[in-house]
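Open the model in your viewer and keep the selection tool ready. The tour moves from one selection to the next.

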Amino acid sequence: MLINRKIQTLDEFTIQQMRDFPNATGELSGLLRDIGLAAKRVHVEVNKAGLVDILGDYGTTNVQGEEVKKLDIFANNQFMGVLRHGISCAGIGSEEMDDIVVFDDAVSNQSKYVCLFDPLDGSANIDVNVSIGTIFSVFRRVSELGKPATKADFLQQGIKQVAAGYIIYGSSTMMVYATRRGVNGFTLDQSIGEFTLSHPDIKCPETGRIYSVNHGNYFQYEEKVQKYINTCQLKTKDNGGPYTQRYIGSMVADVHRNLIKGGIFMYPGTTDKPKGKLRLLYECNPFAFIVEIAGGKATNGNIRILEVEATEIHQRTPMFIGSKLMMEEFENTI
Ligand code: P6P
């Protein structure tokens, strides 16, 4: 019987990557497989959310003051659980938790990495069946191995990430992650219960015709942003257009679409929220790392997202991210 070697599972891919690096300890590969396992468990619950009483508010609010949906808590616990019981992660930070959780056991304290998560981004869309996602960021610890992880392990510039990725729970469930070797996408094959390599070596198209922004805040944006939005609306076939506006209010869905098709996603600061809404450590840094590795760009309107100094776990930042040439046109708007 011929074995179809064309289909490569996430596990096989990460092990192959490890074989290509003889000095690799396998911790990062193991960490990515752990995340894939938790993602499969979240996939099951997200896919039946309409069927069981797992919808609705959990009755609490998270550190952002947002109502917490039960799936948020479930997802947070899944990712924290697999990493706490793995061998690759010393602690995690999460949108759903006020402060970092340091695992502080003999095995975890020897682990080289820490992770940050938005366990279920876009959760306000759960009840209306819009695609939602998990976003994750991986740092190598700066604290002493053998001792518990510290806050400093998490408050690093995004440029120091060793891996970052997301899972999108949509028409299919996909896990996309980047290391410095590239960006690869894996689609969940439910017939075998494995993520299988479906989008090898993802590159962000150098330009595109999609711009994504919440027009409802237009009059709260700074003049430069308003001017760029106006530019997008005035594009014709003679100057790279016409553009189309696509904004679903679920960052993972919006940025994933633009990563694959080309486009620009913007969550600018507003007069009400000068720092914008999106969080640096577990939303903007991971996507900035992924999109830059794929050939795109990501800034806060002034500097690379990956160079923004991290001062606290839940800090926010304006975010502009996408195709290289579209980002450069935005940056050159005065
Ligand atoms: P607005 C979801 O709550 C989220 O954090 C991102 O997924 C999404 O891009 C953004 O907020 C949407 O925010 O203010 O446009 O509804």
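Colour domain 1 and domain 2 separately: the two bury about 2,900 Å² between them, 66% of it on carbon and sulfur atoms. Buried area here is the accessible area (1.4 Å probe) that two parts lose on being put together, summed over both. Now select Leu155, Gln157 and Tyr166 in domain 1; these lose the most area to domain 2, together 20% of what that side buries.

A note on the model: it is predicted, local features need pLDDT of at least 70, side-chain atom pairs count only at pLDDT 80 or more, and totals for chains, interfaces and linings use all residues. Residues are numbered from 1 along each chain as its sequence is written, and side-chain values use heavy atoms, with hydrogens and water left out.

Domain 1 brings 44 residues to the contact and domain 2 brings 32 residues, where contact means heavy atoms within 4.5 Å.

Which side chains meet in a salt bridge? Pick Arg279 and Glu95, at 2.7 Å, N to O. The term means a side-chain nitrogen of Lys or Arg within 4 Å of a carboxyl oxygen of Asp or Glu. Between domain 1 and domain 2 the count is 1 salt bridge. There are also 11 residue pairs in polar contact between these domains (both at pLDDT 80 or more).

Next, select the ligand. Around the ligand sit 13 residues, the closest being Asp121, Asn214, Tyr247, Met251 and Tyr267; a residue counts if one of its heavy atoms lies within 4 Å. By class, this shell has 5 nonpolar, 4 polar and 4 charged residues.

- Tyr247: 2.5 Å.
- Tyr267: 2.6 Å.
- Asn214: 2.9 Å.

Note on methods. Polar contact = N/O pair within 3.5 Å; in protein donor to acceptor, adjacent residues only side chain to side chain. Nonpolar A, V, L, I, M, F, W, Y, C, P; charged D, E, K, R; others polar.
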